[in-house]
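Student: Could you show me how to read a few features of a protein model? I'd like the general idea each time, then the case itself.

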Amino acid sequence: MQNKGFIRVIAVLLTLICLFYISFSVVTAIYNNKAKEYAAGDEAKYKHYIDSISTEKVYWWYYTYQQCREMEIGLGLDLKGGMNVTLQISVADVLKSLSNNNPDPNFNAAIAAAQAQAGNNDFIASFYNEYKKIDPNVRLAAIFSTFQLKDKITPKSTNEEVIAVLRNELNSAVDNSYNVLRTRIDRFGVVAPNIQKLEKDGLISIELPGIKEPERVRKLLQGSANLEFWETYKLDQLIAKLDAVNNALAAANASQATDSVAAEAPVTEPAPAATDTTATAAAATGDSTAQSLKAKLQKEESDAEMMARFRKQNPLLSLMNYTQAYGGSPVIGIVNKNDTAAVNSMLSSKIARDILPSDLILRWTVKPIDEKQTMYELVALKAGKGGKAPLGGDVITDARDDFDKIKGSVVSMTMNAEGAKTWEKLTRDNIGNAIAIVLDNQVYSFPNVHGAITGGSSEITGGFSPEEAKDLANVLKSGKMAASVTIVQEDIIGPSLGQEAIQNGLISFLVALVLLMAYLIIMYGWTPGLIASFGVICNLFFTVGILASLQAVLTLSGIAGIVLSLAMAVDANVLIFERTKEELRAGKNMKSAVADGYKNAFSAIFDSNLTSIITGVILLIYGTGPILGFATTLIIGIATSFFTAIFITRLIFEAGLKRGKFNNMTFTTAISRNFLTDTHINFVGLRKIGYICILAVIAVFVVSFFTRGMNQGIDFSGGRNYVVRFEQPVSPLEIENMLEPSFEGHSLSVITITSSNQVRISTNYRIADNGEEVDREIETKLYEGMKSLLGDTTYEEFSENMIQSRQKVGPTIADDIKVGAYWAVFFSLIAMALYILLRFRNIAFSAGTLVSVAFTTFSVVGLYSLLYGVLPFSMEIDQNFVAAVLTVIGYSVNDTVVIFDRIREEKTLYPKRDLVTSINSALNSTLPRTINTGQSTIIVLLCILLLGAESVRSFAFAMLFGVIIGTLSTLFVATPIAYEIQRRGLAKKAAKEAAK
């Protein structure tokens with residue numbers, strides 16, 4: 001092999017890079033364990049410990065704990081959890097905006113009354129009913145016949161017509177906010193997010209797997225992109241008034257404290273007694289340590305008294321430190337984050353408002369200014385006409401994150417013509433002063449103006465990190481929310497699989513890996529088997545390391561991609577070993593046989609890997625949700641499997657052969673020596689029997705589709721969610737087993753959420769029905785099913801106290817996501833067929849591949865229709881099933897391409913052979929490889945099916961059946977179809993020649 005030195009360098013560098021990125025997960029695991037030991041089960045202590053080390057450098061004297069968390073391997077909601085956020089879009093804001101902020105008191109009173117109603121699912125209906133209570137003769141057209149709605153509402157429109165328009169406008173506003181949120185999340189880089197519009201007006205539920213920065217996500221989701229440019233005051237213009245406020249507050253506090261001094265005086269009397277006791281003890285013992293402790297306590301007491309006295313005399317100055325600020329700056333104070341609420345209260349009091357300028361508006365900076373991230377600046381803004389900013393963010397036409405060598409990461413903005421004109425005037429009028437750039441009431445920067453800025457370009461600076469600059473640009477560019485958004489519910493999702501399920505998954509994976517290594521050793525001997533096993537382990541290591549370096553989130557569908565890549569890694573080694581065995585049987589020495597084995601297997605390995613990568617790339621472009629996670633890991637896994645199988649294992653073989661250690665290898669054992677070595681199966685002759693069996697299978701599945709249908713999971717059918725809190729920790733698997741008889745025939749899932757004593761129960765039972773009686777029926781089923789865990793709890797107590805929240809959720813996979821998935825699969829198949837056509841120059845191979853893959857996919861789906869409710873595990877059509885089907889498609893294509901590559905080789909080596917002989921020879925010669933790779937994959941899947949978690953058994957079963965049917969489909973569908981097309985082509989060609 002040429003360029004061995006280059007390959008070694010690449011291998012070493014790749015290993016070091018993967019170790020570096022995986023090490024962050026190790027570091028965070030160590031500190032998480034320390035936090036758990038310190039907390040001893042106390043969640044508050046755990047959080048305190050983590051918060052205390054978040055900014056400390058814990059790795060390589062450079063990376064803080066928070067940075068390590070950001071770079072560790074992220075796991076999806078189904079493996080680790082993440083954030084579950086329910087957002088409330090303010091419907092009241094939408095109505096006010098549609099009315100052009102009408103000041104009518106009755107209108108605003110009706111809005112307020114509708115907002116006060118708890119559990120309000122139809123805000124517009126509630127608003128209308130409240131309005132009629134206030135004014136029975138109300139005419140909504142008088143309120144909403146604005147310029148904005150002039151084409152939809154006229155002064156003569158009836159109330160019913162106006163309400164219909166309002167509902168359409170509200171739906172549009174919610175859709176706009178939904179799209180803005182999806183855009184922000186996609187740009188945030190979250191893999192496999194889950195976004196749902198809930199039944200209640202304006203509610204959107206968002207699941208973000210693997211999120212490690214909740215505060216960053218909160219800001220991203222709630223930001224309305226309300227950008228404003230404000231004029232500012234200077235501190236030296238306000239310092240006298242701030243002193244006056246400080247003195248006035250001190251005087252007010254002194255007058256309020258006068259009556260309480262007498263009552264508090266007796267409380268201070270024991271202090272001298274305590275001091276005397278200490279002094280007596282010290283005198284009795286003569287202990288210098290006691291004397292030192294006494295002096296220290298007295299000093300601390302004295303310092304505390306002095307601080308308390310200073311705070312009473314200077315309530316504002318003691319918290320704000322405004323005397324230390326720069327007089328020409330708009331910053332009027334630097335405040336600890338724990339004191340910001342107290343400062344807000346003082347500065348918004350009547351005392352302060354009477355002293356401070358009426359056009360003064362105070363806003364906090366978005367970022368702290370110290371290393372410990374505890375101190376924030378308070379900036380003085382100067383309001384324009386009507387108390388508004390002189391320039392708003394609606395003039396922004398573009399925003400992007402840039403990097404300046406001096407300023408660091410910045411956000412550059414471009415304005416429209418109107419905004420550019422206003423911006424020029426604003427900067428001209430404020431030369432020598434600062435202009436504050438405020439987003440959602442937080443000050444991002446306040447640069448000084450040195451001259452008028454023309455052209456409508458501006459820049460936001462503020463010591464941003466690249467990620468912060470990117471987030472800010474995304475918020476500005478993705479659009480402004482149609483209404484304000486608030487987080488009404490936020491949970492940290494526990495792993496869907498549960499801790500016990502994760503442990504089962506690890507056990508099953510380890511057992512599968514050991515059995516896979518044993519299988520390779522049994523079939524090919526100790527040395528080749530161990531080398532191939534080492535290649536598989538390297539592939540897994542490189543895949544995980546690259547995923548960590550990309551900060552990708554690993555989900556169940558991502559694991560599907562890894563499983564497929566591991567199967568392909570084994571497949572590549574099996575191809576090489578089988579070709580090497582053929583070369584040895586041809587009489588070549590070991591060194592030549594190994595070299596030719598790698599050489600002759602290369603084209604088949606390259607073709608099969610590239611076709612799967614083509615599929616993965618198109619899925620990455622068109623796919624969303626689980627498909628995206630699958631595609632990411634698949635592409636990475638295939639690339640690393642190609643590198644390890646072709647280069648890493650070959651380096652090991654050549655190094656051993658050079659030292660004379662591998663010369664006695666046979667790549668066989670006593671068990672495999674005669675395994676399928678000289679078969680003469682007439683596959684082409686059996687094709688008609690295969691056609692009959694295939695048609696029979698299709699007929700059975702078609703009947704099942706029409707009679708039984710499909711068991712759609714909540715991901716597709718929608719469902720209800722109930723968050724239930726218990727007094728003791730519970731097992732989600734145990735609860736699911738308890739409830740299954742009550743919801744037989746319908747999907748049911750139970751996951752831990754927030755803590756070990758709280759679960760979320762989801763079911764699609766009677767999803768199409770509404771009404772209180774339906775909700776009561778379902779809650780009764782929950783109560784009766786879990787009664788053994790509830791003790792003496794009554795149904796009323798269960799319903800009112802234990803059920804924390806109720807939600808009716810529409811389909812998780814929205815129509816656009818499903819359509820995107822369909823197109824992704826369709827285009828991947830077309831692209832794959834085109835590649836095979838270009839590579840093999842034969843349309844028969846393309847057609848055979850497509851028909852084979854289509855039959856395999858149809859069979860897997862049909863089996864789920866036939867067997868759901870029969871097998872003892874869930875067989876739902878959900879996101880995990882989609883991932884399994886995609887895995888099966890990739891595996892089936894891989895198998896088919898390898899066989900077609902051998903057929904092409906046979907025709908090249910023996911051009912005078914007839915077509916039947918060439919095809920049968922190719923199928924028989926690749927049969928050991930087909931069986932061996934199939935068996936090795938089946939070993940892995942059987943371990944997952946039998947030893948893995950309950951929630952992945954359906955996934956493993958779909959893959960297991962898919963591997964079996966895919967292998968048979970290659971032999972009895974893909975190859976016969978290709979033969980039929982080639983045979984007809986040869987017959988036509990012969991007829992034309994005969995006609996000449």
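Student: Which exposed residues does the face of α28 turned away from its buried side carry?

Tutor: Exposed means over 50% relative accessible area, buried means under 20%, and partly exposed is in between (1.4 Å probe, protein chains only). On α28, the face turned away from the buried side carries E800 and N801, both exposed. The helix spans residues 795–802, and its buried residues are Y795, F798, S799 and M802. Those buried residues fall within an arc of 120° seen down the axis, so they line one face of α28. The arc is that of the directions from the helix axis to the C-beta atoms. By the way, helices (H or I, at least four residues) and strands (E, at least two) are DSSP runs, numbered from the N terminus.

Student: What should I know about the model itself?

Tutor: This is a predicted model: local features need pLDDT of at least 70, side-chain atom pairs count only at pLDDT 80 or more, and totals for chains, interfaces and linings use all residues. Residues are numbered from 1 along each chain as its sequence is written, and side-chain values use heavy atoms, with hydrogens and water left out.

Student: How many helices and strands does the protein have?

Tutor: There are 33 helices and 22 strands. Of the 996 residues, 49% are buried.

Student: What does F24 touch, not counting residues up to four places away in sequence?

Tutor: Contact means heavy atoms within 4.5 Å. F24 sits in helix α1 (residues 4–39) and is buried, with a relative accessible area of 0%. Leaving out those sequence neighbours, F24 touches Y59, Y63, C68, M71 and E72. Take Y59: it is 35 residues from F24 in sequence, yet their C-alpha atoms are 8.3 Å apart in space.

Student: Which residues have the most contacts inside the largest nonpolar core?

Tutor: In soluble globular proteins, nonpolar side chains tend to be buried together. A nonpolar core is a set of buried Ala, Val, Leu, Ile, Met, Phe, Trp, Tyr and Cys residues joined through side-chain atoms within 4.5 Å. Here the largest one has 95 residues, and I605 and F653 have the most contacts inside it. Helix α31 (residues 879–909) gives the most to this core, with 13 residues. A second, separate core of 42 residues includes L87, I89, L181 and I185.

Student: Where do R687 and E980 lie, the two that form a salt bridge?

Tutor: A salt bridge is a side-chain nitrogen of Lys or Arg within 4 Å of a carboxyl oxygen of Asp or Glu. The closest N and O atoms of R687 and E980 are 2.7 Å apart. R687 lies in helix α23 (residues 687–707) and E980 in helix α33, so the pair ties together parts that are 293 residues apart in sequence. Both ends are buried: R687 has a relative accessible area of 13%, and E980 has 14%.

Student: How many residues apart are R983 and E980 in helix α33?

Tutor: An α-helix has 3.6 residues a turn, so residues three or four places apart point the same way. R983 and E980 are three residues apart, about one turn of α33, and their side chains meet in a salt bridge (2.8 Å, N to O). R983 counts as partly exposed, at 34% relative accessibility. Elsewhere, salt bridges that share partners join R579, E582, R902 and E905 into one network.
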